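Biologist: I would like to learn how to read a model like this one. Could we take it feature by feature, beginning with the core?

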Amino acid sequence: MSDNTAAPQAAASEPSPAIEAVSLSKSFGAFKAVSEVSFSVKRGEIVGFLGPNGAGKSTTMRILSGLTPADCGTARLCGVSVPARPDLAKRHLGYMPENNPLPEELRVIEYLTWRARIKEVPPARVRERVEAVMEACDLARTARRKLIGTLSKGFRQRVGIADALLAEPDAVILDEPTIGLDPHQILGIRDLIRSLRGKMAVLISSHILAEIEQVCDRVIIINGGRIVGQGDKESLRREFFPGRVFSVVCAADAAAVARRLGEFEIGVIVTEVAPPSPQGVRTLRVQLPEGAPLGDTLLEKLIAIPDARLREVSEERASLEDIFVAATRRSRDIVSAEIGV
Amino acid sequence: MTRRFLTLFFHELRLQLVSPATYVIATIFLAIMGSIHWMALWGAASDTQDWLPSENLFRLHWVPALFFIPMLTMGSFAEERRMGTLAALLTTPVGPHAVTLSKFAAAYLLYMGLWALALVFPFLTHFTLVGAAADPRVLGASSLIGGLAFVASSAPLYIGVGLLCSALTRSMLVAGITSFVIILALLSANKGLFWLADTHETLRWLYAPAELLNVGKYAEDFARGVVDTRPLLHFGSGAILTLGVTALVVESKA
């Protein structure tokens, strides 16, 4: 009995997600840009939103920010419906659109002060907030009084991010925040985004997978307007690359290794990656099925192979790029199968 | 709501005032209005006129309405949409109505400011020309007040048209040309209706709507101190309609 009542109580006390998309769909004419997209981002979480060009990332972000109405489904910010109460919902939002449009004729400090006022930052706190975001985005010393039209791409991106953080929103949506930046600038922006962890919910779209991998707690992959994978990197890896893969450098050939490992596990696949060196050393790829206990004792089993002269054993872990490619390819295959291509 | 509107309004006004285009428009406006006044004075000095020189300034109200309102409003939404700054603005708690109203108020204030500057010409004439100070016809206060009241009541409709055209496109040029054409149609609609009523027996009923759309007649009435509710209704309802549609367009096309 107590168990039955505890769950609803816990659910009631749990705050609503900062960003929530429930079955969002949007079509432009015959083209279905977004189809049944559902996900949520908790407060304090940084989530990467990945997808190839035209996958529906920007459309989803525009629906969440109230710029584009969805055909069906619901977008919520901190539990407030965006289409039903846009003025209230947008109080929780900091949004940096793709290409980061800014008025060229204003100075950085003037622009941020004006944005703070329209975002309803209390008048007594406007100056404090503008100084705080300029400091956080490294604008205070170098670009404070510069005309936005004269700023470099990197500084313009910083102004866009500073604007998104200005009113200390619960939810921040950044559409391609590091596009066009040099590696130094990317590092700076990455550190800035990391510093938001635990403070606000951040949804970032980017094509730079390494960046998402380093910054985000979780990833959502969208392709053809549908969510094709979401979760942390480990769960995505398990979903798209079940089992474990090892790289083995030794003198034994693939058949000998497969024979030996086959004694302990069914379904082991051993392939030769590179031809043997003049010293007879080969590089092999060993694929173990999902949940196979052999992975933990692989080294021990390989050493026992006669004349194996084992040099190296290392586990190959799928990168986010591998996961992204696998997820988008799988969704393409499903769509092709559905339409009978 | 008021605080947000005022923040947007002062921002719009500031953008207009820091834009070099505004000063170019103001210079051309004053040059044209000065020329009109000079020609009116010249005509009054050489021949008997039905109109006071100051009344003449407002009889030609259609010149600035036709040319300068499209210039002042064409960039309001079109340029912001092209740049993407309108979308960024609409992700804040500001609604499309507040944005539309703030742009309208800024353009209206600027336009009325230009007209106020143009009134310098009758005053200059009155105080600088030898003997003119004694002639009350040069500075007809009642006609100036009436004329300015007409401009103040008619401008919202034309500015509303300009903003609507600007909201419909990303091109300033297209917005400017479209609003020019629509304002021209509004200013000359009565002439077309009169012509139709004159030439077709079955269309005699068009005289009544033609009379309602006779903007020139309204301008004359205002300049002579005759004010009734018809022009106020005509311009007021038109302004509300165009601004309302503009806000809807802004919301749907951001």
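Modeller: Keep in mind that this is a predicted model. A nonpolar core is a set of buried nonpolar residues joined through C-beta atoms within 7 Å. Here the largest such core has 136 residues, and Ala162(A), Ala171(A), Val172(A) and Val202(A) have the most contacts inside it. Helix 9 of chain B, residues 141-167, supplies the largest share of this core, eleven residues.

Biologist: Which residues does Ala171(A) touch?

Modeller: Leaving out residues up to four places away in sequence, Ala171(A) touches Ala18(A), Ile19(A), Leu77(A), Cys78(A), His92(A), Leu93(A), Met200(A) and Ala201(A). Another core lies apart from the largest one; it has 13 residues, among them Val248(A), Leu284(A), Val286(A) and Leu302(A).

Biologist: How should I read the sheet, and what is the order of its strands in chain A?

Modeller: Two strands pair if DSSP finds at least two bridges between them. In chain A, six strands form an open sheet in the order 6-7-8-3-9-10, with mixed pairing. Strand 6 (93-96) and strand 10 (226-231) of chain A are the edge strands, each pairing on one side only. On average, neighbouring strands of this sheet are turned by 15 degrees against each other, direction ignored.

Biologist: How many bridges join strand 3 to strand 8 of chain A?

Modeller: Four bridges join them; strand 3 covers residues 46-50 of chain A, strand 8 covers residues 201-205 of chain A, and the two run parallel. One pair to look up is Ile46(A) with its bridge partner Val202(A) in strand 8 of chain A. Val202(A) is also among the residues with the most contacts inside the largest core.

Biologist: Which strands does helix 2 of chain A touch?

Modeller: Helix 2 (residues 57-64) of chain A packs on the sheet and touches strand 3, strand 7 (171-175), strand 8 and strand 9 (218-223) of chain A. The direction of helix 2 makes about 150 degrees with that of strand 7 of chain A. Helix 9 (residues 233-240) of chain A lies across strand 9 and strand 10 of chain A, at about 120 degrees to strand 10.

Biologist: Into which domains is chain A divided?

Modeller: Chain A has domain 1 (2-238) and domain 2 (242-316). Taken over C-alpha atoms, the centres of these two domains of chain A are separated by 45 Å.

Biologist: How many residues of chain B are in contact with chain A?

Modeller: The contact involves 18 residues of chain B and 19 residues of chain A. Helix 1 (2-18) and helix 6 (85-89) of chain B are the elements giving two or more residues to chain B's side. Helix 1 of chain B gives the most, with six residues. By type, chain B's side divides into ten nonpolar, seven polar and one charged.

Methods
Residues numbered from 1 in each chain as written. Chains lettered and ligands numbered in written order. Predicted model: local features only at pLDDT ≥ 70, side-chain atom pairs only at ≥ 80, totals over all residues. Contact = placed C-beta atoms within 7 Å. Nonpolar A, V, L, I, M, F, W, Y, C, P; charged D, E, K, R; others polar. Axes fitted to C-alpha atoms, helices over the stretch in contact; angles between N-to-C directions. Domains from an automatic or database assignment. Buried ≥ 20, exposed ≤ 12 C-beta atoms within 10 Å, placed from the backbone.
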